[in-house]
Amino acid sequence: MADYIYNSEAVENLGIKDTSILDRLVDYESARGAHMEKDRAHRDKRLSLKEAIAEYVNDGDIYTDSGFSYVRAANQALLEVARQGKKKLQMIGSPNSCVSYLMQAGCVDYAHVSYQGAEMRGYDRAVSRYIKEGRLTVLSDWSHGAMALGFKAAQIGSPGMFSKQLLGSDIVKYNPYVKVMDHPMKDVSDPVVFIPALYPDVTVIHVQHADMYGNARIYGPSVNDVAMAAAARKVIITAEEIVPESSFREENKGVAIPFLYVDAVVELPWGALPGSCPGYYFWSRQWWEKYFRFANLSDENFREFNEYWLLSCKDQFDFLEKLGGARFIAEARRQTRAAEGDNELDGVDMDYREWMPGMAPEDEQWF
Amino acid sequence: MDARHGTGRRTVVLGEEVTEMTDTKPANPLEILAFEIAKQIEDKMVVYVGTGLPMVAAILAKKTHAPNITLVYESGAQDPLLADMPWSVGGPFTWRKSPVILEMSYSFGQSYNGYVDIGFLGFAQIDIYGNINTHVVGGDYSSFKHRLTGSGGNNDLSSLTENMVLVGLQSPDKFVERVDFITSVGHLEGGDSRRQAGLVGKGPKAIISQIAVFDFEPETKRMRVKSLNPGISFELCQAATGFELLKPDGEIPVTEMPSQESLGILRKDVDPRGVFTSIPGM
């Protein structure tokens, strides 16, 4: 029996039989309870990636991660989730690029979707196929901005936000959480949409710098990450580098996540691979090409891809070797620093790099 | 990728150097599209863009008639120093030396609060009132041929931005009487229905396809031909549309072609490797 009243048209349209499955995402009392129980001490929270995922990601969790598509997503943590064979995850995020790989790896049953694609590379054919075949159940449909407001409401401690997006669209007919109502302070009809605060179970956020207590600093777009860190019941930080706490006190400008949200800190250089980490490395251009043009097309293709990139890699260093090792390190660093304007751009190849079906392995070049 | 245009800056790859070529070929349909989009942008505007052709167009505008525009992106990136074309809105070319980088919710908040002048969106399907579908084609939400990306920021921009320009390829199955799913509201059911639904902003003001430019008839808000690209008749444009198009009064103008100077800048400085604006064989 559900504790909340959902948009009944959307519940019916999505074919959700038991709406109690929707509760945890908006259950602010249980999120508050989870936050109350966190150890407040400045203590060393460092764990290995294996330990952090084993301890803080449970089967059935509502899972989300950081960044924006290729940029600063917690991809190596995601691969570890797959390696540990977590099951029945409920994915959420905007953009929800984390859903595709874990879904194909058999870890995901449900998703709250806002965008399933990779920008210029188009829509995600695996997600499309899984939904069509009933292997992935959509629990709610969103726009980026509406979902972002749900996380933001949680961060600032509000039961929800009133907003002007979604109105008149069909998305409201496929989102059990949002409700169209009249502006409560106007005496003429002025529709607004209520978006409840959203509380994922676990978020994994990849950052450039963290200290051992969990203070974490982001360079580049922070997207929804600070809000999700504030909202989630459990927070894992993976960081390129662990810096002393004094670094945060001396340099206290910029976007930071406070230590008190954080349950585990993982020192994880190259933790965003095959995505990029601003200041450190550019994304592997051809890996994403092959994922979208090969691994997404059939179960068989994914098995082959997954065998190479996940099952035969025990950690991010094995993965890095397959991308080209030291040569990848040099190229990816050169590319991001040039693109960000810190190093000379002239002379650096930033081209779109295609992967063609039937391409010989020796012609594949990942950076 | 087709490297027919040469390059604005040298690209040194493992000792190779791409040499510059002069190119006086006439504009292809994608280049015309980019030029038409760019014309919608006035100097000093704040412009909300995604990747792809609208980005090409915004950079073309900035390098020609609108040097003082500010670009904003849904990732929270804004106001970068221009360099190469970004192909992710989170990537470094959207925040290269930006004075400030915001978050996603703040960036859409800028649209709602009246800090954004114009936004550009693509579509898989568009209807007679400029409503957009990027969710499903060939059926409905639960039974479809293809499930596409979903909204992303499409609905947010459409709902909140003062002026919208919609950009996409035209064919009878893309320009349809009613979209299979309303991802983003344009003029909804025409007339005043957009405002009555509670949305802010004026709704779409132009649609730009590879064969024509459209606006909306002011009262009914139905799609109307504004200009036809060279060599395109009204009948051909109608045949590429799944509903009855309105015509403007009098003779239908021909879409203005990019000048050689604009084409030169587009090919040399904006999209030098033709990633977004080249068509194989053209």
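A residue is called buried if 20 or more other C-beta atoms lie within 10 Å of its own, exposed if 12 or fewer do, and partly exposed in between, with C-beta atoms placed from the backbone. The model shown is predicted, so that local features need pLDDT of at least 70 and side-chain atom pairs count only at pLDDT 80 or more, while totals for chains, interfaces and linings use all residues. Residues are numbered from 1 along each chain as its sequence is written, and chains are lettered from A and ligands numbered from 1 in the order in which they are written.

**View 1. Trp355(A) in the segment after helix 14 of chain A.** Trp355(A) is partly exposed, because 19 other C-beta atoms lie within 10 Å. Helices (H or I, at least four residues) and strands (E, at least two) are DSSP runs, numbered from the N terminus. Two residues are in contact if their C-beta atoms, placed from the backbone, lie within 7 Å. Not counting residues up to four places away in sequence, Trp355(A) touches Gln286(A), Glu289(A), Lys290(A) and Arg293(A). The C-alpha atoms of Trp355(A) and Phe294(A) are 8.9 Å apart, although 61 residues separate the two along the chain.

**View 2. Helix 11 (residues 285-295) of chain A, a mostly covered helix.** Of the 11 residues in helix 11 of chain A, 9 are buried. These are Arg285(A), Gln286(A), Trp287(A), Trp288(A), Glu289(A), Lys290(A), Tyr291(A), Phe292(A) and Ala295(A). The buried residues pack against helix 12 (299-311) of chain A.

**View 3. Helix 14 (residues 326-339) of chain A and the residue that follows.** The 14 residues of helix 14 of chain A reach 20 Å from the first C-alpha to the last. This is close to the 20 Å expected at 1.5 Å a residue, where the expected span is 1.5 Å times one less than the number of residues. Phe328(A), Glu331(A), Ala332(A), Gln335(A), Thr336(A), Arg337(A), Ala338(A) and Ala339(A) are buried in this helix. What covers them includes helix 13 (316-323) of chain A. Helix 14 of chain A is followed by Gly341(A), which has a positive phi, near 90°.

**View 4. The side of chain A that touches chain B.** In this interface, 57 residues of chain A are in contact with 56 residues of chain B. On the side of chain A, the elements that give two or more residues are helix 7 (125-132), helix 8 (144-156), strand 7 (191-196) and helix 14. Helix 8 of chain A provides the largest share, 5 residues. By class, this side has 25 nonpolar, 20 polar and 12 charged residues. Ala, Val, Leu, Ile, Met, Phe, Trp, Tyr, Cys and Pro count as nonpolar, Asp, Glu, Lys and Arg as charged, and the others, Gly among them, as polar.

**View 5. Helix 8 of chain A against helix 3 (residues 104-112) of chain B.** These helices pack at an angle of about 120°, with their axes 8 Å apart. Axes are lines fitted to C-alpha atoms, for helices over the stretch in contact, and angles run from 0 to 180 degrees between N-to-C directions. Helix 8 of chain A is therefore oblique to helix 3 of chain B; angles under 35 degrees count as roughly parallel, over 145 as roughly antiparallel, 65 to 115 as roughly perpendicular and the rest as oblique. The contact is made by His144(A), Gly145(A), Ala148(A), Leu149(A) and Lys152(A) of helix 8 of chain A and by Met104(B), Ser105(B) and Phe108(B) of helix 3 of chain B.

**View 6. Val223(A) in the loop between strand 9 (216-218) and helix 9 (225-231) of chain A.** Val223(A) is buried, because 33 other C-beta atoms lie within 10 Å. Leaving aside neighbours within four places in sequence, Val223(A) is in contact with Gly67(A) and Phe68(A), and with Ser75(B), Gly76(B), Glu103(B) and Met104(B).

**View 7. Helix 2 (residues 53-63) of chain B against helix 7 (residues 260-270) of chain B.** The packing angle is about 110° and the axes are 10 Å apart, so the two helices are roughly perpendicular to each other. Their crossing is right-handed. Val56(B), Ile59(B), Leu60(B) and Lys63(B) of helix 2 meet Ile265(B), Leu266(B), Asp269(B) and Val270(B) of helix 7 in this contact.

Notes. A crossing is left-handed if the near helix is turned anticlockwise from the far one by less than a right angle, and right-handed if clockwise.
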